[in-house]
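Here are my notes for your read-through. Please keep the structure open beside them.

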Amino acid sequence: MSAQGLRVAGGIAAAAVAVGVAQLLGAAFGPEADVRTAVGSAVIELTPGPVKEWAIQLFGTADKLFLSVAVLVVIALLAAVAGLLERKRRPIGSAMIAIAGVVGCAAVLSRAQGSAVDVIPTIVGAVCGIGTLRLLISDRFATTGGAGETSPAGGAGESGEAGGASESGAAGESGEAGEAGPPDRAKRRSLLTLGLIGAGVASGVAGAVITRLTSSVAGDRQQFALPEVDVPAPPIPPTVQPKNVDLPSFVTANPDFYRIDTALTVPQLSREQWELRIHGMVDREVTFRWGDLDRFEAVEQPVTLTCVSNPVGGELISTAVWTGYRVRDLLAEAGVRGDADMVLSRSIDGWTAGTPVDALTGEKAMLAVAMNGEPLPVEHGYPARLVVPGLYGYVSATKWVIDMEVTRFDRAEAYWTRLGWSARGPIKTESRVDVPRSGQDVPAGPVTFGGVAWAQDRGVRAVEVRVDGPDGEGRWQQATLGAAYSDETWRLWSLDWEARQPGPHTITVRATDNTGYTQTSERADPVPDGATGWHSVDFAVT
Ligand SMILES: Nc1nc2c(c(=O)[nH]1)N[C@H]1C(S)=C(S)[C@@H](COP(=O)(O)O)O[C@H]1N2
Ligand SMILES: [Mo]
């Protein structure tokens, strides 16, 4: 390794040791001491709204993975710089690690559930990181004066210092007389550096795995016997699903259900730890424990959830059969005061949604505890979340919900509203072409196209499809609709078409809801209150 390379690797070794030690020690302190998650969450928190939106659009459900990789890359780059800048008399790299440690502590302390002792692993990690950096540039491993310090960054003064000191250091400390020349020291330093990088990474991975295993609610979730349903949903007829075309299933399987949230690591909240506090503009504050839920009627309801960030033609929409309790029944115990118009619900990780009181005191809003006949998957809000038909998730669908403050829109602002999204988020009437896929080749002959349309909680009355046009042959034709299940769920559609004219074609879809409103062709961005426009797909007949 060149002298420059050794410095860079030394910086990375220091960072690996710092993060590894913090992560491994953090496992003993619990998830709130996890500095990696804290920093990542702080990055999410501090990222401007439009950039978050861009990340969701671009990466969708993989946005977290992108962030984790990005954070690691940034750490590695800073570590390389720290390694290059560290000098015995001017410990700039050490100072950078110290600053990173302070930033890490601030991130840990800023977390909703964090406490002062949670910074201990971060501090110890930073100290070990600095120790590593100091060790690697110490006389014992100094490579100057023989191995060829070619680094211009080394500077004359520094080279002189290191070179001068290293002679005596090496002679005095190396037990292997005769083999202690500088080239050998360089080799030892490379090996030690690589070893420390390996040890740091290994402890980091071990710490992350231990933290995950010890805090996991997988066992709690497995033991959860679902409540007996008092008010079952009417059965879903097979006719909701159009035939002869490969469309999404009317009910989305849990692993396929879209996922959007700001949680870098999924909150692990057991039923035992769960509490739901209802307070604010109420007659009496109440706090429900898990066992208290038994006294409410358990209801079951298929609902299609949609994300406001879903672009035209996007996939951030799914349907599940939810089981849970009416939010109305819970609110009734607290008694909502007449002048309140919003409920600010909060999750265990501090995320908030602002939902109109009217939407929550209606029949349909649920505190859901099960999804498609299973306890909520942890990433979908275990043990309890809100599901409110007709509203985008960002104003209603709080996962890991623990608090509901009854308030007013002119007094409180929720997470995404503070970042520039609309305070109100009714779902817009929209539709999507799923078949054909963009760019697909369609052989000449009869073919069935299809897709989905939604307008929760008004319901879809009609779907029209146009192939080519408006200037070409194209005219709007009525699609064949799958059976309507309810106004709270999407509707699947299909269209039989005869592929005749070889060459490029375009298919466009538009939906009409049960109020008679036909979705607008006007294109709007997801920000601030949901995308609009007709979805078109280009394909070719061969
Ligand atoms: N705690 C928490 N709940 C949340 C969010 C979040 O970031 N944190 N995101 C909301 C958004 S924007 C949407 S669209 C839905 C998505 O729910 P899902 O991930 O179960 O599909 O969850 C909502 N609930
Ligand atoms: Mo969303």
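1. Start with the side chain of Thr532, which reaches the backbone oxygen of Glu522 at 2.6 Å. This is a predicted model. Thr532 lies in the loop between strand 18 (503-513) and strand 19 (535-541).

2. Is Thr532 buried or exposed? Thr532 counts as buried because its relative accessibility is 10%, and the cut-off for buried is under 20%. Leaving aside neighbours within four places in sequence, its contacts include Val312, Lys428 and Glu430. Thr520, Glu522, Arg523 and Ala524 are also in contact with Thr532.

3. Next, the domains. The domain assignment of the chain gives domain 1 (3-142 + 181-215), domain 2 (238-418) and domain 3 (430-541). The contact between domain 2 and domain 3 takes 35 residues from domain 2 and 33 residues from domain 3. Their centres, taken over C-alpha atoms, are 29 Å apart.

4. Domain 2 and domain 3 bury about 2500 Å² between them. Carbon and sulfur atoms carry 63% of that area.

5. What is the polar count between domain 2 and domain 3? There are nine residue pairs in polar contact, both at pLDDT 80 or more. The salt bridge count between these domains is one. Lys364 and Glu488 meet through their side chains in a salt bridge, at 3.2 Å from N to O. On the side of domain 2 that touches domain 3, strand 3 gives the most, with six residues.

6. Look at strand 3 (residues 298-306) itself. Eight of its nine residues are buried. Strand 3 runs antiparallel to strand 4 (residues 317-326), and nine bridges join them. Glu300 stands opposite Thr323 in strand 4.

Terms used:
Residues are numbered from 1 along each chain as its sequence is written. Chains are lettered from A and ligands numbered from 1 in the order in which they are written. This is a predicted model: local features need pLDDT of at least 70, side-chain atom pairs count only at pLDDT 80 or more; totals for chains, interfaces and linings use all residues. Side-chain values use heavy atoms; hydrogens and water are left out. Helices (H or I, at least four residues) and strands (E, at least two) are DSSP runs, numbered from the N terminus. Buried means under 20% relative accessible area, exposed over 50%, partly exposed in between (1.4 Å probe, protein chains only). A polar contact is a pair of N or O atoms within 3.5 Å; within protein, one must be able to donate a hydrogen and the other to accept it, and residues adjacent in sequence count only if both atoms are side-chain atoms. Contact means heavy atoms within 4.5 Å. Two strands pair if DSSP finds at least two bridges between them. Domain bounds come from an automatic or database domain assignment. Buried area is the accessible area (1.4 Å probe) that two parts lose on being put together, summed over both. A salt bridge is a side-chain nitrogen of Lys or Arg within 4 Å of a carboxyl oxygen of Asp or Glu.
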